[in-house]
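Please read the following report beside the sequence and the 3D view, and look up each residue as it is named.

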Amino acid sequence: MIPNNISKLIDAIINKTEAKKAIWGKTSRNEEFKLFLEKGAVTTDTWVENGIEAIDFAIYNSYGDKIDNFVAYKGDDDFDILSRLHNTAKREFFKVDETIENLFKELNDPKSVGKRQIEDDTPLPF
Amino acid sequence: MKKTISISIIGVVGIILCIYFFEDSDKTLPNYATVIGTICSIVGLSIAYINILALKEESIIISKQIHLTLEKVNQLNSLSEISKAIKVNQEIQEFLRNEKIELARLRTLDLKYMLLHFNNDLLLNELTSDEEYKKLILDFGIDLNSLNETLINSKRKVDFTKVVKNLEELSTYLTKFELKLKSIKI
């Protein structure tokens with residue numbers, strides 16, 4: 001069970017990220033994202049263990065020591081909040097909202113979109 | 001030495017003058033003894049005071065020299081530690097490239113100890129308080145933790161190429177430490 005102060009911390013991180021004021025990075029794990037802060041860092045990762053989805057939230061101090069870690073498996077009470085954090089971090093890292101917004105802009109523009117790709121082995125027409 | 005001789009000469013001259021200007025009625029053995037004794041005491045105290053001042057100056061110079069020598073020793077020690085850290089970093093990279101995770105983890109713990117030592121090195125204060133270095137340390141901590149967990153839970157995969165890239169960046173920064181220390185003239 002995640003303590004109240006950690007739960008508030010996660011909410012604050014989600015709010016900051018949704019307000020586009022937190023820049024997430026990627027760690028050496030495929031699905032793990034990191035957020036550097038003045039006095040440390042936080043990470044969130046997701047993986048599948050025995051067919052069950054798991055998510056964690058870790059806090060590191062400025063020396064790179066992991067000082068706290070919370071893991072939740074699908075069905076646990078804490079899974080939802082950790083899942084929300086992970087999704088928010090992932091969306092920020094991949095700039096999902098900005099990309100969708102740009103796609104809309106491009107599609108609403110009167111000029112044509114897309115490019116014809118010519119295969120390298122297409123014979124020349126002469 | 002020169003000051004001691006000068007004071008002694010002044011003392012002797014003082015004694016001679018005092019005795020020379022004595023009234024005939026004062027020219028007695030106890031009076032001579034009193035004058036000679038007083039002037040000798042003053043000369044002795046002056047010489048002692050001058051020697052104390054000279055010793056004080058010498059001790060300040062010696063303590064400065066000791067401080068400089070200690071700084072030089074620390075600088076050399078730090079340089080050797082940095083070279084060692086760069087070497088350990090390369091070893092970890094090699095172990096990771098060959099997927100020898102347990103060996104890499106052990107050496108990573110050694111490297112972490114060295115990095116903590118650099119944080120307390122006053123000569124490196126400017127570089128260790130840099131934001132870039134702080135981020136590298138955090139990345140290193142996160143990677144070290146990932147390696148630990150990979151050994152316990154093989155379901156959680158780590159991209160070793162990314163860890164090696166982070167280590168290379170750290171190694172480049174450590175080289176900056178080395179250059180900085182070499183550039184300090186003590």
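## Strands of chain A

In β5(A), Ala58(A) has Asn69(A) as its bridge partner. This is a predicted model, in which local features need pLDDT of at least 70 and side-chain atom pairs count only at pLDDT 80 or more, while totals for chains, interfaces and linings use all residues. Residues are numbered from 1 along each chain as its sequence is written, chains are lettered from A and ligands numbered from 1 in the order in which they are written, and side-chain values use heavy atoms, with hydrogens and water left out.

Helices (H or I, at least four residues) and strands (E, at least two) are DSSP runs, numbered from the N terminus, and two strands pair if DSSP finds at least two bridges between them.

| Strands | Direction | Bridges | Residues between the strands |
|---|---|---|---|
| β2(A) (residues 33-37) and β3(A) (residues 40-49) | antiparallel | five bridges | two residues |
| β3(A) and β4(A) (residues 52-61) | antiparallel | ten bridges | two residues |
| β4(A) and β5(A) (residues 66-73) | antiparallel | seven bridges | four residues |

In the hairpin of β3(A) and β4(A), Asn50(A) takes a positive phi near 50°, and in the hairpin of β4(A) and β5(A), Gly64(A) takes a positive phi near 85°.

Strand β3(A) is mostly covered, since nine of its ten residues are buried, where buried means under 20% relative accessible area, exposed over 50%, and partly exposed in between (1.4 Å probe, protein chains only).

## Chain A as a whole

Of the 126 residues of chain A, 37% count as buried. The radius of gyration of chain A, 20 Å, is well over the 14 Å that the globule rule gives for 126 residues, so the chain is more spread out than a compact globule; this radius is taken over C-alpha atoms, and the rule is 2.2 Å times the number of residues to the power 0.38. The C-alpha atoms of chain A fill a box of roughly 70 × 35 × 35 Å, taken along the principal axes.

## Cores and the domains of chain B

A nonpolar core is a set of buried Ala, Val, Leu, Ile, Met, Phe, Trp, Tyr and Cys residues joined through side-chain atoms within 4.5 Å. The largest such core has 30 residues, and those with the most contacts inside it are Leu96(B), Leu111(B), Leu115(B), Phe118(B), Leu174(B) and Phe177(B). Two or more residues each are given to this core by α2 (29-97), α3 (101-119), α5 (131-152) and α6 (160-183) of chain B, and the largest share, nine residues, comes from α6(B). Leaving aside its neighbours within four places in sequence, Phe177(B) is in contact (heavy atoms within 4.5 Å) with residues including Ile82(B), Phe118(B) and Tyr133(B). A second, separate core of 20 residues includes Trp24(A), Val42(A), Ala72(A) and Leu82(A).

Chain B is assigned domain 1 (2-57) and domain 2 (64-183), with bounds that come from an automatic or database domain assignment. The centres of these two domains of chain B, taken over C-alpha atoms, are separated by 69 Å.
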